[in-house]
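User: Hi! Could you walk me through this structure with a few questions and answers?

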Amino acid sequence: MCAEGYEFTEGDLNPRFLFTCFEERTEAEQNYHAHDFIEIAVILKGKGRFFIDGEELDVEQGTMIILNPGTYHRSLGGSGQGTAEFYMAFSGAEFKNCKSGCMPLFPGEKILSKMPEKMKRDIFKLCTSMKKEWESANPGRYFMLKAYLIQVICLVIREILEEKKGKAGEGCVFQSTGKKYVVEQIMKYMEEHYPEKISLEHIATNMYLSSYYISKIFKSETGDTPINYLISLRMEKAREILDKNPEETVQKVAAAVGYDDAYHFSKVFKKYYGISPLYYKGRAKI
């Protein structure tokens, strides 16, 4: 094949198929674990939750999860009839713009995504074929499973590329994938919206990133968590207000920096500056 045919891989797409597994789960998986290979999970039926790298995420029929090497995960099962989960694992594939041994995640570095209907139908058919082939003892079983796996990988990459196209021009789209740039945009967002109710999930949604990815890169670049940075920013703004207008009530200062509860705001302020905002107001008048 000519090199131009490798649109998303570093060379030929020739993965080593490892295994496939079908699980009907009503109770939580006991082992919180990670692999040194790529695993793709597909939710065939039901609704449930997964615990992935310290974050609980909802899943339902049609959810696909990409678990790259080192990603810790555990299925927490589902309510009612539980979940039907299908897994396929492989190694030996090298993808462009990815760490060696990893495959691309969904846009925004999301580990999971709800598949569109057409993709879901195609993936479900391939899962059914893989399950039947895995349970058979037919000659060439490994190569049939590898062929099905390659189709799954291609469908996943196509969907990722389509999603990236669809999100072009929407929301806060990063012009650079550099961690420093992303962190700067998160700080800018907080600077502009600190008086509002802000959560990590809200920031992630507006920036097409996962909350886990935001926390990870923010910590690696600044040494602090996004939430601690936001609290620090709010405290600085509150002190500025009190310095300029010591007659302002604590309730109004709290509301101006994003706190509905003035008592909670006072506790945080005292933790940061060693004195309560009420005492700070009195001192500022002198």
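Analyst: Happy to! A charge is said to sit over a ring if NZ of Lys or CZ of Arg is within 6 Å of the ring centre and within 35 degrees of the ring normal. Keep in mind that this is a predicted model.

User: Thanks! The charged end of which residue sits over the ring of Trp134?

Analyst: We need an Arg or Lys whose end is within 6 Å of the ring centre. Here the charged end lies 5.1 Å from the centre of the Trp134 ring. The residue it belongs to is Arg141.

User: And which ring does the charged end of Arg234 sit over?

Analyst: This charged end is 5.5 Å from the ring centre. The ring belongs to Tyr259.

User: Are Tyr259 and Phe265 buried or exposed, and is their ring pair stacked or tilted?

Analyst: Both residues are buried. Their ring centres are 5.7 Å apart. Planes under 30 degrees apart would count as stacked and over 60 as edge-to-face. These planes are at 50 degrees, so the pair is tilted.

User: Which residues do ring pairs link into a cluster with Tyr259?

Analyst: The structure holds 13 aromatic pairs. Ring pairs join Tyr259 to a cluster with Phe265, Phe269, Tyr272, Tyr273 and Tyr280.

User: What residue just after helix 5 takes a positive phi?

Analyst: Its phi is about 80 degrees. The residue is Gly223.

Note on methods: Residues are numbered from 1 along each chain as its sequence is written. This is a predicted model: local features need pLDDT of at least 70, side-chain atom pairs count only at pLDDT 80 or more; totals for chains, interfaces and linings use all residues. Side-chain values use heavy atoms; hydrogens and water are left out. Rings of Phe, Tyr and Trp (its six-membered ring) pair if their centres lie within 6.5 Å; planes under 30 degrees apart count as stacked, over 60 as edge-to-face and the rest as tilted. Buried means under 20% relative accessible area, exposed over 50%, partly exposed in between (1.4 Å probe, protein chains only). Helices (H or I, at least four residues) and strands (E, at least two) are DSSP runs, numbered from the N terminus.
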